Amino acid sequence: MSVISKYHFLQGFFNGLVLHTNQPSSDETFGGSLDNNVLTLRRPNAEHAIDLGAQINTDANIGRIAKQLIGAHASLTSDLRVQGVVWPSVPYFFKFPARHLPRDMLIKVSFDFDIDVPIWDIGATLSIYLFAFLDSKKHLQVRIDGTHLALTGLIGLEIAQKKIEAAMPQVLAQVDELLKPIVAGAGNIQFAHMYYMPGKGSRAIGAPPVNASHDLSVGLLVA
Amino acid sequence: MEQDQKLVNGIRALLGDAGYGDIVTQQDGNNMLLTARRGNGMVTLHIAAEATTKRRRVEETSVQAHDVRESGIVVPGIDGVVEQLRANPELAKAMNIPDAHLKQIL
């Protein structure tokens with residue numbers, strides 16, 4: 001059965017707490033609209049949903065990232081958060097505004113870590129922006145688009161920054177690896193449309209509120 | 001700067017005389033950080049160009065080398081978002097769009 005999902009954003013678009021309701025529908029056509037802080041999605045029965053949060057924030061992936069950070073004298077202090085963001089909100093938008101369209105959404109995977117340089121803990125957050133799309137052959141593609149590193153501390157910030165930058169190729173290589181199963185899971189299927197949903201993409205009538213800063217799902221409709 | 005280097009050289013010598021080893025000097029932006037170890041002990045010295053007790057924030061962005069956005073692809077997004085932002089500027093805050101970015105698209 002098709003459902004009409006309404007996402008009421010209480011703390012910003014695809015951010016923080018979101019109230020989520022699903023209503024059964026006989027309408028099989030996809031549709032989406034944003035009215036102030038409410039996103040309405042008409043989700044056909046044939047939807048292929050992928051819970052990106054569940055796929056990315058696994059113990060194995062956390063271990064992979066943590067291992068790379070240890071080499072940079074850093075320790076992971078959070079889960080791997082997965083969030084949807086509009087392109088103009090991405091920190092490097094201003095440098096390359098034409099890289100995407102203003103309407104485009106990207107996936108932000110972020111995590112926190114502490115850096116020991118050499119005795120002062122420095123708090124850091126690395127955000128990795130992913131660009132997911134259906135290519136001209138209608139196949140799902142996901143690739144790393146860019147990164148944003150934020151460090152806060154009293155002293156040693158530039159030293160810490162250099163250490164993390166040195167470890168960045170290995171961290172991104174691990175992220176590339178964890179994206180492969182997501183694309184492979186979509187197989188060689190041709191899709192006509194894709195869209196993002198905060199949370200796990202639940203279709204249940206009594207769906208609980210979701211944390212859009214931590215979990216994101218993608219809906220795919222077969223061509 | 002030259003005076004600071006003389007100071008660091010003098011301190012390095014004093015630390016060496018006091019049995020400290022693994023003496024490392026690192027440039028930290030405009031500041032200098034010196035560390036030395038003796039057994040389980042440690043000495044740290046931070047020479048700051050400007051004294052502060054406030055935590056600082058440093059940000060860095062990088063992008064992957066990709067071609068420009070291909071045509072004929074399907075990307076999740078919000079159609080008509082520019083028009084909505086024009087009609088309702090509060091939406092930019094909800095979407096966490098900085099003012100400078102907003103001016104670029106409106």
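You're looking at a predicted model, where local features need pLDDT of at least 70, side-chain atom pairs count only at pLDDT 80 or more, and totals for chains, interfaces and linings use all residues. Residues are numbered from 1 along each chain as its sequence is written, and chains are lettered from A in the order in which they are written.

**Where the chains meet**
- Chain A puts 50 residues into the contact and chain B puts in 42 (two residues are in contact if their C-beta atoms, placed from the backbone, lie within 7 Å).
- On chain A's side, β10(A) gives the largest share, with eleven residues (strands are DSSP E runs of at least two residues, numbered from the N terminus).
- β10(A) also pairs with β4 (residues 56-63) of chain B, antiparallel, over eight bridges (pairing takes at least two DSSP bridges).
- Within that topic, Ala150(A) sits opposite Glu59(B) in β4(B).

**The core**
- The largest nonpolar core has 67 residues, and Ala160(A) is among those that touch the most other members.
- Such a core is a set of buried Ala, Val, Leu, Ile, Met, Phe, Trp, Tyr and Cys residues joined through C-beta atoms within 7 Å, where buried means 20 or more other C-beta atoms within 10 Å of a residue's own, with C-beta atoms placed from the backbone.
- Leaving out residues up to four places away in sequence, Ala160(A) touches Ile115(A), Val117(A), Ile122(A) and Leu151(A).

- Three strands of chain A make an open, antiparallel sheet in the order β5-β13-β11.
- β5 (47-51) and β11 are the edge strands, each pairing on one side only.
- β5(A) and β13 (residues 216-222) of chain A share five bridges, and His48(A) has Leu220(A) as its bridge partner in β13(A).

Definitions and conventions. Helix = DSSP H or I, 4+ residues; strand = E, 2+ residues; numbered from the N terminus. Buried ≥ 20, exposed ≤ 12 C-beta atoms within 10 Å, placed from the backbone.
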